[in-house]
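Let's take a friendly walk through a protein model together. Have a look at the chain first, and then we will visit a few of its residues.

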Amino acid sequence: MIASFEASLNTLSIHRVGNKLLDEFYVLSQQPIALKDELLGKLLMQYFLTPFEKVNEVYRFMHSSNDLNLNELFHFCTQVFEDEGRFHELSEQITKYLFEQTNHPKIKSGELYVALFKDIQLEGELLTAIGIFKSENKETYLKVYPDTGGFNMEYEPDGININKLDKGCLIFNCEKEEGYKVLVVDQTNRNNEAVYWKDDFLKLRIRNDSFNQTSNTLSIYKNFITQKLDDEFELDKTDKIDLLNKSIKYFKENDTFNLDEFGDEVLGNPKAIESFKSYKEQYELDHETEIGSTFDISGAAVKKQSRVYKSVLKLDRNFHIYIHGDKNLIEKGFDDDKAMNYYKVYFKEEA
């Protein structure tokens, strides 16, 4: 998503955040660090920014009261953007606020880096951005060096792997009235305790753009086919896979999504079409979001969702059949002698 070839790291403050529930505390540095080593600066830029190059989802700050000024991070970032001379002071406030959100015993302590970047490119604009990053997982590194008569070795415990950013966000100085543009990385978001980063600390909502609408629609459709359709129709797995393949084909071959057109081309059954529309409307109500009946299709979102659209028949533990095309070339049957199901597959050439 971002391009950083013109970017520079202007200021960096490092603090440490403990886990409040474990009687740990936070430690604040007295001033920003001096970035005199050019190589160190480049390594930090790699560590902080490289993970965001493949991030497509854009978020915005929000608050349940709809008053953005009550979102603490929005408030702190606005003050930095308005007066960069207060950067270090406000980095301390950000650290203290993060400490107050560590309300789960499994949240790890770690260093918090608050950075000010210039000229990061996002969606065609060169922008100033505030970066907030947390390192939680440490590794041991070996160092081999020449010594008398050959080589020697030493190790460095509790090191940081610059290719593995644990948590981070970039807040861009644009579209303030809508809650800024925010990108997020959270490598531990598969754990329940990790929601504190995006939900409790940052308080974000996703921007409802073409990427988000494309991704949500494909996700809703997949859940509809795999979980809901069985309630109303008798479908075997090959039928479901065929419907999933048709949907991906539609999104790959069209630039614009149209709900009525999609229903006719992919589902084809009036009852199923109405059921899908109702399922989509219920999703919008449950998640307090609106997905248009027409929107521009995001190729990046289609590519991402294609990875989780499984066109695979898993047969016991012996066979997997991948179905990418005409489902009429595969037939299901039952062998009375063996008392087992079988599939018959037709093809012209063996690759």
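Asp 236 is partly exposed, with a relative accessible area of 28%; that label covers values between buried (under 20%) and exposed (over 50%), using a 1.4 Å probe and protein chains only. You will find Asp 236 in the loop between α5 (210–228) and α6 (237–253). Helices here are DSSP runs of H or I with at least four residues, strands are runs of E with at least two, and both are numbered from the N terminus. This is a predicted model, where local features need pLDDT of at least 70 and side-chain atom pairs count only at pLDDT 80 or more, while totals for chains, interfaces and linings use all residues. Residues are numbered from 1 along each chain as its sequence is written, and side-chain values use heavy atoms, leaving out hydrogens and water.

Now for the salt bridges, each a side-chain nitrogen of Lys or Arg within 4 Å of a carboxyl oxygen of Asp or Glu. The whole structure holds 23 of them. In one, Lys 118 meets Glu 84 at 2.5 Å, N to O. Lys 118 sits in strand β5 (residues 110–122) and Glu 84 in the loop between α2 (72–82) and α3 (87–100), so this pair ties together parts 34 residues apart in sequence.

What about disulfides, pairs of cysteine sulfur atoms within 2.5 Å? The structure has zero. The sulfur of Cys 77 is 7.1 Å from the closest cysteine sulfur, in Cys 169, which is too far for a bond. Cys 77 is buried, with a relative accessible area of 0%.

Definitions and conventions
A disulfide is a pair of cysteine sulfur atoms within 2.5 Å.
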